[in-house]
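Hi,

Here is the structure I promised to pass on.

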Amino acid sequence: MKTSGGSDAAKRRAGESAAETVADGEVVGLGTGSTAAHAIRRLGDRVGSGLDIRGVATSFASRELAADCGIPLLDLDEAAGPDAPGIDVAIDGADQVAVGGGEDDGPTAGPLIKGGGAAHAREKLVDAAADRFLVVADPSKETPVLDRPVPVEVLPAGRTAVAEAVRATGGEPALRRAERKDGPVVTDNGNLVLDCAFGAIDDPGALATTLATTPGVVEHGVFVDLADEVHVGTETGVRVAR
Ligand code: 5RP
């Protein structure tokens, strides 16, 4: 599973903090990435000690890890249908988290950029379906204003058309390439990823709407109004923004 950004100790504190909030009987969305992996491992430890949960994976990688950790799994279709149990809580990482608020209110959980692991389409399905969505991050992910390139999953046949549409809105798209292979990254859904730089994103909601309504876009990595809590692991503890 990929790792990125801050220290592994901070990521572990964040992941474990969120995993400790999970209660017996819950259905848990299992995010993707190195920080979410710490939450999955902690949940696996708790299952080993008798916690009764079922997980819904957001990627092939998180499914494999959860299975290795002994977490019973459901498909999203099994969890989210009309007579299904639903998803009580999702725990997932982020590439960037807008954390606002002042000293009086405490920090507040704002919009996110996700998709560094190219899993944002399934992540958004699971995270949006959950009653509670807990983001796990280290301090390197926090920012007042989102400004990282936005991962956009595109149908292979729509790659050039979407790139043109992104340029027309002032963005600069780059096809994501596999690190150790001579070719593009292919998502779990068989699609490609354009990382689209827009500079500072002053209105994430407007950008989310623009991208979502562009033909050929399968899903984009701007997550607006979804996070209920952000667990930020530090070198000494955990801060929680709500
Ligand atoms: C995958 C994601 C990840 O959650 C995000 O990239 C954070 O990863 P990490 O915890 O390894 O820094 O969105 O699509």
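In what order do the seven strands of the open sheet run? The order is β3-β2-β1-β4-β7-β14-β15, and the pairing is mixed.

Two housekeeping points before the rest. Residues are numbered from 1 along each chain as its sequence is written. The model is predicted, so local features need pLDDT of at least 70 and side-chain atom pairs count only at pLDDT 80 or more, while totals for chains, interfaces and linings use all residues.

Helices (H or I, at least four residues) and strands (E, at least two) are DSSP runs, numbered from the N terminus. Two strands pair if DSSP finds at least two bridges between them.

Let's start with β7 (residues 130-137). Six of its eight residues are buried, so the strand is largely enclosed by the rest of the structure. (Buried is when 20 or more other C-beta atoms lie within 10 Å of a residue's own, exposed is 12 or fewer, and partly exposed is in between; C-beta atoms are placed from the backbone.)

β7 pairs in the parallel sense with β4 (residues 87-92), over five bridges, and also in the parallel sense with β14 (residues 229-233), over four bridges. Leu134 is a handy landmark to click on: this β7 residue is the bridge partner of Ile91, and its own partner in β14 is Glu229.

Over towards β3, strand β2 (residues 54-57) pairs with β3 in the parallel sense over two bridges. There, Val56 stands opposite Leu74 of β3. Helix α1 (residues 8-20) packs on the sheet, touching β4, β7, β14 and β15, and its direction makes about 140° with that of β14. Helix α2 packs on the sheet as well, touching β1 (27-30), β4 and β7, with its direction at about 115° to that of β7. (Contact means C-beta atoms, placed from the backbone, within 7 Å; axes are lines fitted to C-alpha atoms, for helices over the stretch in contact, and angles run from 0 to 180 degrees between N-to-C directions.)

Helix α3 (residues 60-68) has Ala61, Ser62, Arg63, Leu65 and Ala66 as its buried residues, and these pack against β1, α2, β2 and β3. Just after α3, Gly70 takes a positive phi of about 85°.

**The ligand**

Which residues come nearest to the ligand? Of the 22 around it, they are Gly33, Thr35, Gly93, Gly116 and Gly117. (A residue counts as near if its C-beta atom, placed from the backbone, lies within 6 Å.) The shell divides into four nonpolar, 13 polar and five charged residues. (Ala, Val, Leu, Ile, Met, Phe, Trp, Tyr, Cys and Pro count as nonpolar, Asp, Glu, Lys and Arg as charged, and the others, Gly among them, as polar.) Helices α2 (34-48) and α5 (120-129) each supply at least two residues of that shell, and the largest share, three residues, comes from α2.

UniProt lists Glu123 under "active site", in an unreviewed entry. (UniProt positions are in the numbering used here, feature names are shortened, and annotations may be inferred rather than shown by experiment.)

Is Glu123 buried or exposed? It counts as buried, because it has 32 C-beta neighbours inside 10 Å. Glu123 lies in helix α5, and seven of the ten residues there are buried, so that helix is largely enclosed by the rest of the structure. The buried ones are His120, Ala121, Arg122, Glu123, Lys124, Val126 and Asp127. Leaving aside neighbours within four places in sequence, Glu123 is in contact with Gly31, Thr32, Thr58, Asp92 and Lys114.

Four strands form another open sheet, in the order β8-β5-β6-β13 and with mixed pairing. Here β8 (142-143) and β13 stand at the edges with a single partner strand each, so one side of each lacks a neighbour in the sheet. Strands β5 (residues 96-100) and β6 (residues 108-113) pair in the antiparallel sense over four bridges, with Gln96 opposite Ile113 of β6.

Val224 sits in the loop between β13 (222-223) and β14. Val224 is partly exposed, with 17 other C-beta atoms within 10 Å. Not counting residues up to four places away in sequence, Val224 touches Pro111, Pro204, Gly205 and Ala208. The C-alpha atoms of Val224 and Gly110 are separated by 7.3 Å, although these residues are 114 apart along the chain.

Cheers

Note on methods
Two residues are in contact if their C-beta atoms, placed from the backbone, lie within 7 Å.
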